Amino acid sequence: MFAAERRQLILEMVRANGAVSLRELARVVQTSEVTVRRDVRALEAEGLLDRRHGGAVLPGGFTRESGFPQKAHLATAEKTAIADLAASFVEEGEAIVVGAGTTTQELARRLARVPGLTVVTNSLLVAQALAHANRVEVVMTGGTLRGSNYALVGSGAEQSLQGLRVSKAFLSGSGLTAERGLSTSNMLAASVDRALVQAAAEVVVLADHGKIGTDTMFQTVPTDLITRLVTDDPPAHDDRAVTELQALADQGVQVSVAGAQEGASGGDTAPARQQRRDMPLPGPRRQVPGAGLRAATALGEQNGGAERARVADLRRR
């Protein structure tokens with residue numbers, strides 16, 4: 001198949017589906033992902049589509065967001081590796097918040113066997129993944145259902161999080177840059193994610209390499225408040241992602257890169273053991289006004305036993 005024919009077929013697939021993974025494009029046009037990636041770059045240069053999250057989407061810059069059906073089929077292998085590694089940072093008996101997204105849904109599946117865990121979430125998909133985990137307590141926020149990603153948003157969701165303190169927040173988004181931090185394409189989703197961040201002593205961002213270096217409209221977590229980034233290893237030719245990861249590490253974000261797995265990990269089974277690579281930090285990170293006090297307060301309340309009391313109070317609302 002000639003390059004022009006391939007690119008026309010790729011463009012037709014993206015127009016028909018809104019978003020298509022590189023793997024699926026390679027399968028349909030019967031060529032390698034390297035060739036497809038080159039074709040996608042050429043089409044992007046012509047303004048006919050955009051590269052996003054390990055695939056291609058319709059052009060639209062800051063204003064478009066793929067729905068759940070499209071996102072669920074993008075970068076699936078990367079999301080699995082990220083979820084396996086992220087689950088290793090959760091300890092027995094912790095209280096955490098987990099935001100909405102397909103990557104956080106994968107994480108939730110791996111948390112089902114963590115004893116004594118309490119998970120606060122605004123995501124129906126996260127709650128569903130943990131619904132039959134008898135050793136995990138699930139607490140849902142209030143709010144209005146946003147059907148495109150099965151998340152609860154709005155003032156009801158934000159108000160139900162007021163006064164809550166947990167040890168960690170696990171969040172995903174549409175893009176991540178060293179300059180602006182984590183961002184998303186939807187204002188309501190961004191507002192709830194900011195409320196989730198305020199409830200946590202540490203913020204862990206889950207983002208595959210396709211999101212690294214991508215900027216979208218609404219900032220959710222500034223770089224200064226991101227404790228750790230869990231991502232996959234970007235391809236050697238992806239200079240943008242490699243450069244952005246180093247810039248994030250230079251600003252004090254602990255960057256953990258998921259490597260080869262040392263065992264299989266099923267949907268609701270215990271997390272697989274993984275090889276892991278951490279990028280070195282340059283030194284003490286710069287402080288954000290109020291951030292240190294918020295983290296210290298959160299940890300103090302957690303150590304004093306107030307964390308579970310606050311979660312119980314949230315359940316009674």
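Predicted model: local features only at pLDDT ≥ 70, side-chain atom pairs only at ≥ 80, totals over all residues.
## Overall make-up

The protein has 317 residues, of which 52% count as buried, and its secondary structure consists of 12 helices and 16 strands. Among the contacts with a separation of 6 or more, 67% are between residues 24 or more positions apart. The accessible surface comes to about 13,900 Å², and carbon and sulfur atoms account for 50% of that area.

## Helix 5

Helix 5 covers residues 76-87, and its end C-alpha atoms lie 16 Å apart, which agrees with the 16 Å that its 12 residues should span at 1.5 Å a residue. Since buried means under 20% relative accessible area, the helix can be judged by how many of its residues fall below that cut-off: 9 of the 12 do, so helix 5 is largely enclosed by the rest of the structure. The buried residues are E78, K79, A81, I82, A83, D84, L85, A86 and A87, a list that includes the charged residues E78, K79 and D84.

Strand 10 (residues 175-177) and strand 11 (residues 181-184) run antiparallel and are joined by 3 bridges, with a hairpin of 3 residues leading from strand 10 to strand 11. Within this pairing, G175 stands opposite S183 of strand 11.

Strand 11 also pairs with strand 13 (residues 218-221), again in the antiparallel sense and over 3 bridges. Here T184 has F218 in strand 13 as its bridge partner.

## A nonpolar surface patch

L124, M140, L145 and Y150 together make a nonpolar surface patch of about 320 Å². One of these residues, L145, sits in strand 7 (residues 144-146) and is partly exposed, with a relative accessible area of 48%. Y150 belongs to the loop between strand 7 and strand 8 (151-153), and Y150 is likewise partly exposed, its relative accessible area being 35%.

Most residues other than glycine have a negative phi.

Q30 lies in the loop between helix 2 (22-29) and helix 3 (33-45), and with a relative accessible area of 73% Q30 counts as exposed, whereas Y150 is partly exposed.

Technical notes:
Residues numbered from 1 in each chain as written. Heavy atoms only, no water. Patch = residues over 30% accessible without salt bridge, like charges linked within 9 Å, V, L, I, M, F, W, Y side chains within 5 Å. Areas by Shrake-Rupley, 256 points an atom, 1.4 Å probe, with all protein chains shown as cover. Salt bridge = Lys/Arg side-chain N within 4 Å of Asp/Glu carboxyl O. Helix = DSSP H or I, 4+ residues; strand = E, 2+ residues; numbered from the N terminus. Buried < 20%, exposed > 50% of the residue type's maximum accessible area, 1.4 Å probe, protein only. Contact = heavy atoms within 4.5 Å. Expected span 1.5 Å × (residues − 1). Pairing = 2+ DSSP bridges.
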